[in-house]
Amino acid sequence: MIFNFRFGRRRKAQPAGPSALADLKVGESAVLAELKLAPAIAEHLMNLGFVPGLVVKVLRCGPGGDPRVYRVDGTEVAMRRDLSEHIDVELLGAPAFGD
Amino acid sequence: MGASIASCHAAAPVHDAPKIYRTVAVVGPPNSGKTTLFNRLTRLRQKVGNFPGVTVEHHTGYVRDANGEEVALVDLPGVYSLIPKSEDEKVAVDVLTGKMPGMAPPDAVIVVLNSTNLHTHLVLAARVIALGLPTLVLLNMSDELRKQDGDVDVLTLARELGTPVALVSATTGEGLEAVQNFLSSAAPRPEPLELPVIGSTRGYREWAVRVGANAGYRRPATPVWTARLDSLFLHRVWGPVIFAVVVAGVFQTIFAVGQPLSNLFQKFLDTSGAALGHHLPGGMFQSLVINGVWKGTGSVLVFLPQILLLFLVIGILEDSGYLSRAAVIADRTMSRVGLNGKSFIPLLSAYACAVPAIMATRTIESKRDRMATILIAPFMTCSARLPVYTMVIAAFLPERRLLGPFLGTQAAAMLGLYVLGFLMAVFTARLLKSTILKSKDSPFIMEMPPYRWPMPSSLGLRLVDRGKAFLYRAGTIIMLVSLLLWAATNFPMHHGQPPQVQDSVVAKLGHVIEPAIRPLGFDWKIGVGLVTSMAAREVIIATLGTLHGVDPQSHAIDLQTALRHELTPAGAVALLVFFAFAMQCMSTIAVVRRETNGWKWPAIQFGYMTVVAYIAAFAAYHIVGHFVR
């Protein structure tokens, strides 16, 4: 009926060394670096645990590949690609604090 | 509503105004189990109200402290921080700092945190403690913490925070005596906390992790079942399939279970009305009570079972955690009309009733998205349209099989009307989101709580809450309209006798608007129905019943036959289309006014929907009239 879904994932060509959260694959982890988002949205994400320095893991993706579910410090949060591509992460390196 | 709700003890009525209670504010983030805890502490001894000047609703409950003294608990909206950026947060901050007009600052604060997610939630605790009120910190969900092998040293944490701390479970009741003790003791003001001077969220968070580590906090493992269920419910193939089954199940429940319940309730109202009539002296008074009050209000009351059932089903989905997953699944489709997954929940509720749906839009953070959702919700086919559709379709469309035993013509027509409303909602959403409510981003950020068994007591309390709100509406607005309508059909009197219907006030009103609705194929009787159905859509049935009941010519024939006399088939289609699109509902107008804080949006919405309904009905009348004679 009305809810027709597009199956199959779209993924952009990966740049060398992913730096956006959106570029991580399901199951991968990274350290949050910077939230380049409108202040209100960034603040809301930080209240949920998306604080620079903490480890974020891509848990799973919804049907069609978007939105995806992330886990930070025990909290699971779903967001769309339009936000996660503006969140910078560092692939290497230990978490600054926590975990 | 009634002032005295039965309390567990034979106590004095709780709402007697002059007594001044000590007030304690309850604050906590969403998903901390704050509401469950509040319900557990206060049971049925609570009332709902709005904070002055804003649309945020709050509950006040009453609880006895260890000395048996009454204390008023004020349940604040769920907030993550005390930086007032949303209306909910502003309310929480205003109440806590004593800036809420007409409310004294609270005597103390209870902070409810989720112990399975301590680091995130301690940030809020720090901000509340910094306000300097006597504070009790409750670490809720102790049962989940232990079960998943988590741990925390409460005494060390209390020392770190400078406030009493208790590990509790709102579900099992564990540790709740700490609340009673806190309420009765003159709790000491917290020592000024040595908090990070950097007011940034990151600074708070680093502090929270440090404090957690000092208190030996071990975060529990993610429940295994949550991960398992998520890999099924968010599966790329099974996820949407299960979603469709759940949505279909919700509808099926409302129709297959709710409809017979409503019919049963209708029978009960009819027989009790007749029984009541026997005990009343005949004449005007009997007519007023039975035809005016009982039948008018009853025609709306019959929806109570269906509405409660919908709230029950949605409540189960919400409390179990599935609704967050459904929002993720629906997000993709919703994004095509410029909305996001959070609008899905209110729009699903709108199939029962637009009023709770509009109230449920509060969870949508984006103001523009929220407004768009409010504006399209009344296009969804609510249960009040159902009896109108059923009656008109049954009167005009003979039942024939279309797809074997699965789909008959009448069911197909009904389905078509559902789709019609939905398509208009989609069109309107697109229109709004590309014009007056245009916004670049409608962020979809959704916390995914672990799956839990819904608690019957918590569901029950919510149903009581909703039921009371609905009855209140039926008892006020709808009764008033029923009385006005009764008066309009029974005046002006001739020699102490009610007039023939064609001489009554209501007929004059119908004749006044007849020229406007003639092009749609409606006569003055339908016109009267359109006016009275403003109370609630299905009132048109009662109205037409009254009009025909007192009409000597059609006295003996039933309503469906009467309708066939009155409307051409094209007029019937026009009537259905008009009802699909028009905002014939005072309660919806009232709730939109309340939620948007003014008459501007309800006026725009009413105007838009009426124009759309008029044009569409006009087109339907002429197009169908061209083919069907």
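**Entry 1: where the chains pair.** I began at A78(A), which stands opposite M446(B) in β10(B). The strand β4 (residues 75–79) of chain A pairs with β10(B) in the antiparallel sense over three bridges. I took strands to be paired if DSSP finds at least two bridges between them. Helices (H or I, at least four residues) and strands (E, at least two) are DSSP runs, numbered from the N terminus.

**Entry 2: what I am reading.** This is a predicted model, in which local features need pLDDT of at least 70, side-chain atom pairs count only at pLDDT 80 or more, and totals for chains, interfaces and linings use all residues. Residues are numbered from 1 along each chain as its sequence is written, and chains are lettered from A and ligands numbered from 1 in the order in which they are written.

**Entry 3: the sheet.** I followed the open sheet of six strands and noted the order β5(A)-β1(A)-β2(A)-β3(A)-β4(A)-β10(B), with antiparallel pairing. At its edges are β5 (87–90) of chain A and β10 (445–447) of chain B; each has a single partner strand, so one side of each lacks a neighbour in the sheet. On average, neighbouring strands are turned by 40° against each other, direction ignored; for such angles, axes are lines fitted to C-alpha atoms, for helices over the stretch in contact, and angles run from 0 to 180 degrees between N-to-C directions.

**Entry 4: strand β5(A).** I counted four bridges joining β5(A) to β1(A), and the two run antiparallel. D88(A) in β5(A) has E34(A) opposite.

**Entry 5: K25(A).** I found K25(A) in the segment before β1 (29–35) of chain A. K25(A) is exposed because 10 other C-beta atoms lie within 10 Å. K57(A) is 32 residues from K25(A) in sequence and 9.3 Å away in space, C-alpha to C-alpha.

**Entry 6: the chain contact.** I noted that 35 residues of chain A are in contact with 34 residues of chain B, contact being C-beta atoms, placed from the backbone, within 7 Å. Several elements of chain B each supply at least two residues to this side, including α9 (238–279), α12 (322–336) and β10.

**Entry 7: the cores.** The largest nonpolar core has 132 residues, and A574(B), L575(B), L576(B) and F578(B) have the most contacts inside it. A nonpolar core is a set of buried Ala, Val, Leu, Ile, Met, Phe, Trp, Tyr and Cys residues joined through C-beta atoms within 7 Å. Helix α23 (residues 569–581) of chain B gives the most to this core, with eleven residues. I checked F578(B): L520(B), A613(B) and A617(B) touch it, not counting residues up to four places away in sequence. Apart from this core lies another, of 57 residues, among them L73(B) and M100(B).

Key: A residue is buried if 20 or more other C-beta atoms lie within 10 Å of its own, exposed if 12 or fewer, and partly exposed in between; C-beta atoms are placed from the backbone. Two residues are in contact if their C-beta atoms, placed from the backbone, lie within 7 Å.
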